[in-house]
Amino acid sequence: MAELRDALAIGAEVTGTVRHLGLYGALVDIGTGQDALLHISQLGDKEERKFEEVVQPAGEIRAYVYRMRKDGHVALTMDKPPAAPWQTIRRGNTYTGEVIRIEDFGVFVDFGAERPGMVHVSEMADGFVRSPGDVVSVGQMVEVRVIKKNGRPRQIDLSMKPAVEEEAIEAEDDEEEDVPTAMAQAFQRAMRNDEREAARERQPENARVNHREKQEEILQRTLRGAEA
C-alpha cells in the first residue's frame, strides 16, 4: 500500500471503491491504505447531476489525483487535469508550448497549464526586441522557462531566454491547498479568472495596473475564442 501511495502523482488516473457518501462528497478506497476524498465540487462535466447519481456506495469509480499531502491524504477529481497541473509547475521548469497570441508587450504561450503563460518582450531574447512579432509567430512552438508563479491569482510568467545560472526549484507559500483531514472538511477550487500581473517591477504603479488589466482582457478574449 505504501508503495502504491509513493507511486502516485498529481494527475494520475486511479480506480477506487466508494466506501462512504456524505454531504461533502465521498470517501474512496484507492488501495493506498488511507481513504481518498472526492469532493462534491470535483465531478467535472457531471456537476449538474446529483452527486448520488454519479457516485453510489460500494460502486467503483475512475478519477484523477487532484491533491496530495505528505501525511498520505489524497484528494480526487473527475475532471481530467491539464497536461501541466498547477501543483507541478515550479520556477525553473522548462516546457514546450504554442504561441497563441502576440501583443506589443509580449506573447501568450499555451504549454498545457490551466491558463497560458506570458513571455514579456524583455524575456524573448538576450538582445533588444523591437516587436515580439520579429521573434515568433502565432502557432509556433517555443521552449519556455518558468520565472515566476503567482498562486493568487494564478499567473505564470515565462522566459524564452536561456538560464544564466541554475535556478532553484522552490515551493511557494501560498499555493498549497490542504486536503481535508476530516469528513466534514472540504477544499474548494482555486480561482482561475483573476487579473494577470505581467508588468516589470521597475514600472510605475499606474503602468503596472494598466498593463495587468489589458493583459487579462486579452487573455480572456483569447480563451473565449479557443472555446468557440
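Select residues 155-159 to start: this is strand 10, mostly covered, with five of its five residues buried (under 20% relative accessible area with a 1.4 Å probe, protein chains only). Strands here are DSSP runs of E, at least two residues, numbered from the N terminus. The model is predicted, so local features need pLDDT of at least 70 and side-chain atom pairs pLDDT 80 or more, while totals for chains, interfaces and linings use all residues. Numbering starts from 1 along each chain, and side-chain values use heavy atoms, without hydrogens or water.

Show the side chains of strand 10. Gln-155, Asp-157 and Ser-159 point one way, Ile-156 and Leu-158 the other, and all are buried.

Four residues separate the two strands in a hairpin, and Lys-149 lies opposite Ile-156.

Now select Val-109, Phe-111, Val-119, Met-124, Val-144, Ile-156 and Leu-158, which touch the most other members of the largest nonpolar core, a set of 20 residues. Such a core consists of buried Ala, Val, Leu, Ile, Met, Phe, Trp, Tyr and Cys joined through side-chain atoms within 4.5 Å. Strand 9 gives the most to this core, three residues.

Finish at residues 168-203, where pLDDT stays under 50; pLDDT is the predictor's confidence in each residue, from 0 to 100. For the whole protein the mean pLDDT is 76.

Conventions
Contact = heavy atoms within 4.5 Å. Buried < 20%, exposed > 50% of the residue type's maximum accessible area, 1.4 Å probe, protein only. Pairing = 2+ DSSP bridges.
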